[in-house]
Amino acid sequence: MDQREEGASQPGVRIANVVLQHFYEDNIGLIYRYMYSKVGNREEAEDLTSQTFMKAVHGLDQERSPQSMQNWLFRIAQTTLADYWRIHYRVPTSSLEALLEAGWEGPIDEDEDEETQTSSASSLQATEYVQRILQALPDHYRDVLIYRFLLNLSIKETARKMDLTEANVKVLQFRALRRAAELEKILVEQ
């Protein structure tokens, strides 16, 4: 039996787990609806709800009344949401220069004949187009796409750089690609 199983078999730990589970089940819907009403996006609301409960787990005081715990949870949700919007509306700072410094080799220089100049011009336009899409993405989506596709890092390396699990990187990558595709449609229409 490992330490987790030993700990889970202790009555105090089992009671704490049950209390935590009931607290989560009683409040998940409320927090999710609150987040969704503020961001209007299912994936972001799910992420923010998850972040809220992860923060709450570390400071949960079971001696409080259920109403006091719920008020405290909503304060955590408000802080988490404020952090989200602060990051979301921050002026993006990533640039192609930063990508080059991080290891991206950029477009390959070839002889400057007419065909190459045309392809270089279209390559520059494509690079600018990709940069516009990346700038419009939230930071965590932008980071995962940069690590995976511009720097060619593996899932494992990306997870290590972003301090996430490999499963989280896969989910973020999927969501980031889907959001980038949505942004691309918007940019094409403009």
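Modeller: Angles under 35 degrees count as roughly parallel, over 145 as roughly antiparallel, 65 to 115 as roughly perpendicular, and the rest as oblique. The model is predicted, with local features requiring pLDDT of at least 70 and side-chain atom pairs pLDDT 80 or more, while totals for chains, interfaces and linings use all residues. Residues are numbered from 1 along each chain, and side-chain values use heavy atoms, without hydrogens or water.

Colleague: At what angle do the axes of α3 and α4 cross?

Modeller: They cross at roughly 130 degrees and come within 9 Å (axes are lines fitted to C-alpha atoms over the stretch in contact, with angles from 0 to 180 degrees between N-to-C directions). α3 and α4 are therefore oblique to each other.

Colleague: Which residues of α3 make the contact?

Modeller: Glu-44, Leu-48, Gln-51, Thr-52, Phe-53, Lys-55, Ala-56 and Gly-59 (contact means heavy atoms within 4.5 Å).

Colleague: And which from α4?

Modeller: α4 contributes Trp-72, Leu-73, Ile-76, Ala-77, Thr-80, Leu-81, Asp-83 and Tyr-84.

Colleague: Turning to another pair, how do α7 and α9 cross?

Modeller: The axes of α7 and α9 cross at roughly 100 degrees, coming within 9 Å. These two helices are therefore roughly perpendicular to each other.

Colleague: Which residues of α7 meet α9?

Modeller: His-140, Tyr-141, Val-144, Leu-145, Arg-148 and Phe-149 do. On the α9 side they meet Val-169, Leu-172, Gln-173, Arg-175, Ala-176, Leu-177, Arg-179 and Ala-180.

Colleague: What are the helix numbers based on?

Modeller: Helices are DSSP runs (H or I, at least four residues), numbered from the N terminus.
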